Amino acid sequence: MTKNRNEQDLLARTERLQRAIDTLNSTIEQIRNTGDIAPPKCYVLRYQARTKDKSYYYYKLHASLPIFTTNKGKKSKYKHLGKAGTVAHVKAVMDVARRSQIDSLQRAVNSLTESWQDLTKMLESENT
């Protein structure tokens with residue numbers, strides 16, 4: 001009787017984990033459907049340009065590796081976005097935000113998947 005109860009508990013926990021994984025994967029898919037996603041390890045940088053009399057802030061998308069193609073056909077780590085509030089600037093910020101959300105949710109999925117695998121192994125060992 002105890003073995004059966006323990007097995008039922010393990011089954012209930014694996015099902016709970018699977019539902020959570022499915023929910024997170026569904027959320028990831030919803031985020032993907034809302035727009036473009038920035039490449040991994042990209043973020044928006046603000047930099048200052050100065051003239052003799054004034055200073056201005058501009059924005060660029062920065063990647064850890066040269067992945068952006070310049071006008072001259074070369075690869076660069078930076079993609080110029082222009083001034084605050086431009087279409088390119090806002091789009092890049094939103095793309096990076098979606099990437100960040102997906103990365104966070106994917107870490108949670110990975111953690112739950114490891115837990116699910118552990119419970120699955122426990123179920124298999126109880127059935128042998």
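This is a predicted model: local features need pLDDT of at least 70, side-chain atom pairs count only at pLDDT 80 or more; totals for chains, interfaces and linings use all residues.
**Close-up views of charged side chains**

View 1. Not counting residues up to four places away in sequence, Arg 99 touches Ile 37, Ala 38, Pro 39 and Pro 40. Arg 99 itself belongs to helix H2, which spans residues 87-126, and with a relative accessible area of 15% Arg 99 counts as buried, because the limit for that class is under 20%.

**View 2. Salt bridge between Arg 13 and Asp 9.** The two side chains meet at 3.1 Å, taken from N to O, and both residues lie in helix H1 (residues 2-32), where they are four residues apart, about one turn of the helix. Arg 13 is partly exposed, at a relative accessible area of 30%, and Asp 9 is likewise partly exposed, at 37%.

**View 3. Salt bridge between Lys 91 and Asp 36.** Here the side chains meet with an N to O distance of 2.8 Å. Lys 91 is in helix H2 whereas Asp 36 is in the loop between H1 and strand S1 (42-50), so this pair ties together parts that are 55 residues apart in sequence. Both partners are partly exposed, with relative accessibilities of 37% for Lys 91 and 44% for Asp 36.

**View 4. Asp 95, Arg 98 and the salt-bridge network.** The closest N and O atoms of Asp 95 and Arg 98 are 2.8 Å apart in a salt bridge, formed within helix H2 by residues three positions apart, about one turn of the helix. Asp 95 and Arg 98 are both buried, and together with Asp 36 and Lys 91 they are linked in a network of salt bridges.

Conventions. Residues are numbered from 1 along each chain as its sequence is written. Side-chain values use heavy atoms; hydrogens and water are left out. Helices (H or I, at least four residues) and strands (E, at least two) are DSSP runs, numbered from the N terminus. Buried means under 20% relative accessible area, exposed over 50%, partly exposed in between (1.4 Å probe, protein chains only). Contact means heavy atoms within 4.5 Å. A salt bridge is a side-chain nitrogen of Lys or Arg within 4 Å of a carboxyl oxygen of Asp or Glu.
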